[in-house]
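Me: I would like to go through the charged side-chain contacts in this model. Could we take them one at a time?

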Amino acid sequence: LKLGRRSRITKGRKCYYHKSSVSSFQWAQVDEWRKSDHSSQICNTPVSATFDDVYFSMRNGLEEVEHVYHTNNELQSRFSQVDTHFNIAELGFGSGLSFIATCKLWSEVAPPNAVLHYISIEKYPLPLPYLIRTLSDYPELEPLVQELSRCYRHLKDGSNVLELYGGRIKLR
C-alpha cells in the first residue's frame with residue numbers, strides 16, 4: 001500500500017499526514033463526564049458512549065499509568081540506558097494520558113540526544129477540546145499537553161506523524 005504524504009509545519013514543529021484508504025477514524029463520542037476521586041475539579045473523566053467505559057481509573061489516572069505502564073515495564077531504568085532511540089507501540093491512544101505521562105518521564109530521564117518513537121493506533125480519537133479537558137486534572141502535565149495540542153489539532157484520516165520537542169519525541 002503506497003501512502004501519499006503531505007507535510008505541515010506548525011510553529012517550527014513538523015506534522016506529517018499519510019492518507020490511507022484502509023479505514024477511517026471517527027471522533028470519539030463522549031456522553032458523560034465523571035468526577036474522579038483525586039480531582040478538586042468537577043467531571044473531567046470522560047465516559048465512552050461507544051464502549052460504555054471510562055478512559056482511565058476514577059481514583060487517579062496518572063497514578064494508574066505510572067504503576068501499570070511505567071513501573072511494570074521498568075521504563076525509568078530503560079529510558080535512562082537508551083543510546084539512540086526507544087520504541088513503544090500502544091493499541092488505543094484514548095485520552096492521551098499514557099502518552100503524555102511517558103513523554104514527561106522520557107524528558108526527565110532519557111539522554112538528550114535520544115528519540116522516543118511512540119506508535120499508537122486509535123479508531124476513535126478524542127476531539128482536542130475533550131482531550132484538553134480530560135488532562136486538565138493534571139497541572140504537572142500542562143506544558144506537555146500544550147505541546148501535543150499544537151499538532152493534535154491537525155489530525156487527519158490515515159496515519160499521522162507528530163514530531164514534538166524538536167523531533168525528540170515522535171508520535172505515530
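Me: Which residue meets Glu163 in a salt bridge?

Reply: In this predicted model, the side chain of Glu163 pairs with that of Lys170, with an N to O distance of 4.0 Å.

Me: Are those two buried or exposed?

Reply: Both Glu163 and Lys170 are buried.

Me: How many salt bridges does the count come to?

Reply: The count comes to 3 salt bridges. Among them is the contact between Glu163 and Lys170.

Me: Moving on to helix 5, where do Arg150 and Glu147 lie?

Reply: Helix 5 covers residues 142-152 and holds both Arg150 and Glu147. The two are 3 residues apart, about one turn of the helix. Their side chains form a salt bridge at 3.0 Å, N to O.

Me: Now helix 3. What is the N to O distance between Glu108 and Lys104?

Reply: The side chains of Glu108 and Lys104 meet in a salt bridge at 2.6 Å, N to O.

Me: Why are they separated by about one helical turn?

Reply: Glu108 and Lys104 are separated by about one helical turn because they are 4 residues apart in helix 3, which spans residues 97-109.

Me: What is the relative accessible area of Lys104?

Reply: Lys104 has a relative accessible area of 26% and is partly exposed.

Notes:
Residues are numbered from 1 along each chain as its sequence is written. This is a predicted model: local features need pLDDT of at least 70, side-chain atom pairs count only at pLDDT 80 or more; totals for chains, interfaces and linings use all residues. Side-chain values use heavy atoms; hydrogens and water are left out. Buried means under 20% relative accessible area, exposed over 50%, partly exposed in between (1.4 Å probe, protein chains only).
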